[in-house]
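Me: I have a model open on my screen, and I would like to know what stands behind the terms used for it. Could we go through them together?

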Amino acid sequence: MKEIALSNVKDDLSRYLRLAAKEEIIITRHGKPAGILIGFDSEDDWFDYRLEHDPRFLARVAKARRSLREGKGRKLEEVTK
């Protein structure tokens, strides 16, 4: 993770977007963290990011995990038969 001053990011945003595809960039204002720049190498990376941060998707995953803990799930072997 890199820290970059906001003034530098404003001057060369496209460069920092390319860098952000490899690692998150913390944007600072007056030396203090003010935001984060996250880049994506591909549309698949963008799609994954959106899923990982979508509250509706996360709620469905949590619900499914609760069902499994309660014994309401089915084993993969049963589904593929």
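Me: How many bridges join S1 to S2, and do they run parallel or antiparallel?

Reply: S1 and S2 run parallel and are joined by four bridges. Strands pair if DSSP finds at least two bridges between them, so four bridges make S1 and S2 a pair. One example is glutamate 3, which stands opposite isoleucine 26 in S2. Before we go on, this is a predicted model, in which local features need pLDDT of at least 70 and side-chain atom pairs count only at pLDDT 80 or more, while totals for chains, interfaces and linings use all residues. Residues are numbered from 1 along each chain as its sequence is written, and side-chain values use heavy atoms, with hydrogens and water left out.

Me: What makes the pairing in the sheet mixed?

Reply: The open sheet has three strands in the order S1-S2-S3. S1 and S2 run parallel, whereas S2 (residues 25–29) and S3 run antiparallel, joined by five bridges. In the hairpin of S2 and S3, with two residues between the strands, histidine 30 takes a positive phi near 55 degrees.

Me: Why do S1 and S3 stand at the edges?

Reply: Strand S1 (2–5) and strand S3 (32–37) each have a single partner strand, so one side of each is left without a neighbour in the sheet. Direction ignored, neighbouring strands of this sheet are turned by 35 degrees against each other on average.

Me: Which helix packs on the sheet, and which strands are touched?

Reply: That is helix H2 (residues 13–20), which touches S1, S2 and S3. Contact means heavy atoms within 4.5 Å. The direction of H2 makes about 75 degrees with that of S3; axes are lines fitted to C-alpha atoms, for helices over the stretch in contact, and angles run from 0 to 180 degrees between N-to-C directions.

Me: How many helices and strands does the chain have?

Reply: There are five helices and three strands. Both are DSSP runs numbered from the N terminus: helices are H or I with at least four residues, strands are E with at least two. From the N terminus on, the order is β-α-α-β-β-α-α-α.

Me: Why is the pair of tryptophan 46 and tyrosine 49 called stacked?

Reply: Rings of Phe, Tyr and Trp (its six-membered ring) pair if their centres lie within 6.5 Å; planes under 30 degrees apart count as stacked, over 60 as edge-to-face and the rest as tilted. Here the centres are 6.3 Å apart and the planes are at 15 degrees, so the pair is stacked. Tryptophan 46 and tyrosine 49 both lie in helix H3 (residues 43–52), three residues apart, about one turn of the helix. Phe40, Trp46 and Tyr49 form one aromatic cluster.

Me: How does the radius of gyration of the chain stand against that of a compact globule?

Reply: A compact globule of 81 residues would be near 12 Å, but the chain has 20 Å. The radius is taken over C-alpha atoms, and the globule rule is 2.2 Å times the number of residues to the power 0.38. Along the principal axes, the C-alpha atoms fill a box of roughly 60 × 25 × 20 Å.
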